[in-house]
Amino acid sequence: ANHEALAALHRLVLEALFEKWDNDVSGYLNLKELVEVLTTYKDGMEKNAIKRAYQKLKFFRKYYADNPTLSKKEFATYIETIAAEISDNEADFDSLVTFLIARNEDSCLEQTRRTARRRWLHDIQRAAETSSSSLEFVYKSVFQTLFKDAEAHGDNKKISSSIALLRRNNHRPERGEYFLHYVACTLEDAPYVLNQALYRDMGVSFGAVDDGKPLHIIKVQDHGRVHIWNCHRDKINGSFVVIPLKDQHNRVFGVLGIDTLRDHCDNYFTAHEINFYQGVAKAFSIAYHHVRVRNDILKVVDSAVLNYLFRCAETSEVIFTKTYKARHICVPLRDLTGRALAVLVINLDLQTQLLAHEHRGLLLTLKILHEACNTITKETAGAPQIWILADRGNEERRAKLLFHQRMLQELKENINNLSDKSLEELKTSKKPPLMTHDVLRVVLHILQPKLDVENITWDDCRNVGA
């Protein structure tokens, strides 16, 4: 218990330390700059411990070992590893944290800017949590955040922005395997940008997709390869930034574009602005996948969740209620933290009473449904999951078939758990037990979809078992 409490304390301390070092609220730290500071710890006496921790960090990051930035989780792992390499003494961890705090004293301006930016990024996440299954409020919150930052911390420059998602190019494969589909943009650019398709042979945005790094065109007018959607502009002056959008596996799934082509003062983007835009991209990615998970769960339960009740969603508890026409059971579908993502509403006639086997069947169905939802949320959190019925290339099909996958797994476990005695009773029974004939016909239909199971008699089932 003491070890768990200490680990929880370390996690809180390192999260606060990360946010203090993340001056531009990008969601990442520059690894090289951090190592340079760490090598001066105790006048360089702990350099060997820091080198050993760095090698372990590269092993922890596996395929992204050479990434020049650190996420919050990687930063915590790195600092914990350094402290452990120095000694197992808690005082060494405290000393290292104190050193890093002292080496990152920021100005009042930086504190104010950081506080405002964190609040705006929180608004993006909040938009995802309160916007049902639509991304419209998330897009709007992203653009509002960019406008506010440009006004408060970007010399009041006028900006335009867009969000484009990678799509597989099935209609024009000669122009590349993927294209960028522009799903959202600032209002003034909507007639020219919205729903447009950018192919690999158009412009520079695929450079950010391929490299996974921000792309900054300081002077668009001198570059020559930036694709301009509005060909009626009087002149083309300004800067253009492309930020890759990455999922939890560090895979690029789109881009966030920001430009100053509407600004007439030749304002360019500074380093702290570009760093913050990476934070916006990360916040959008989290919000986007939050909504995607919710939509995937909606596909799992089909249309049953369309009438979910706010009370069940807010309390995340099962609710029993009654109207003048029917009785309702409202079951929350929770994420990994226990919060309700959606609500399944089961309607029963006022006079209907579930039989014992129906009640057990309902509980089993809900159990399978929750397991299917957990598979989706765990994969989104980064934990690898086993998918049987659909390939990774078809996200929508995978979500729809997941419930059936869990049913098949449950069926397999039940069959494996049948005792020899139970099987013998089924074989010798001249009259099938309640529901057994129907269940066996369903199983045969699953195993052999082309089989005419409606005409299979109980004797046929017994012969199959024999």
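Me: Which residues have the most contacts inside the largest nonpolar core?

Reply: This is a predicted model, where local features need pLDDT of at least 70, side-chain atom pairs count only at pLDDT 80 or more, and totals for chains, interfaces and linings use all residues. Residues are numbered from 1 along each chain as its sequence is written, and side-chain values use heavy atoms, without hydrogens and water. A nonpolar core is a set of buried (under 20% relative accessible area, 1.4 Å probe, protein chains only) Ala, Val, Leu, Ile, Met, Phe, Trp, Tyr and Cys residues joined through side-chain atoms within 4.5 Å. The largest one has 36 residues, and those with the most contacts inside it are V138, V142, L146, I163, L256 and F284.

Me: Which helix supplies the largest share of this core?

Reply: Helices here are DSSP runs of H or I with at least four residues, and strands are runs of E with at least two, numbered from the N terminus. Several elements each supply at least two core residues, including helix 7 (136-153) and strand 3 (160-168). The largest share is ten residues, and it comes from helix 10.

Me: How many residues apart in sequence are the parts that Y41 and F99 tie together?

Reply: Rings of Phe, Tyr and Trp (its six-membered ring) pair if their centres lie within 6.5 Å; planes under 30 degrees apart are stacked, over 60 edge-to-face, and the rest tilted. Y41 and F99 form a tilted pair, with 5.1 Å centre to centre and 55° between the planes. Y41 is buried at 3% relative accessible area, and F99 is buried at 16%. Y41 lies in the loop between helix 2 and helix 3 and F99 in helix 5, so the parts tied together are apart in sequence by 58 residues.

Notes:
Buried < 20%, exposed > 50% of the residue type's maximum accessible area, 1.4 Å probe, protein only.
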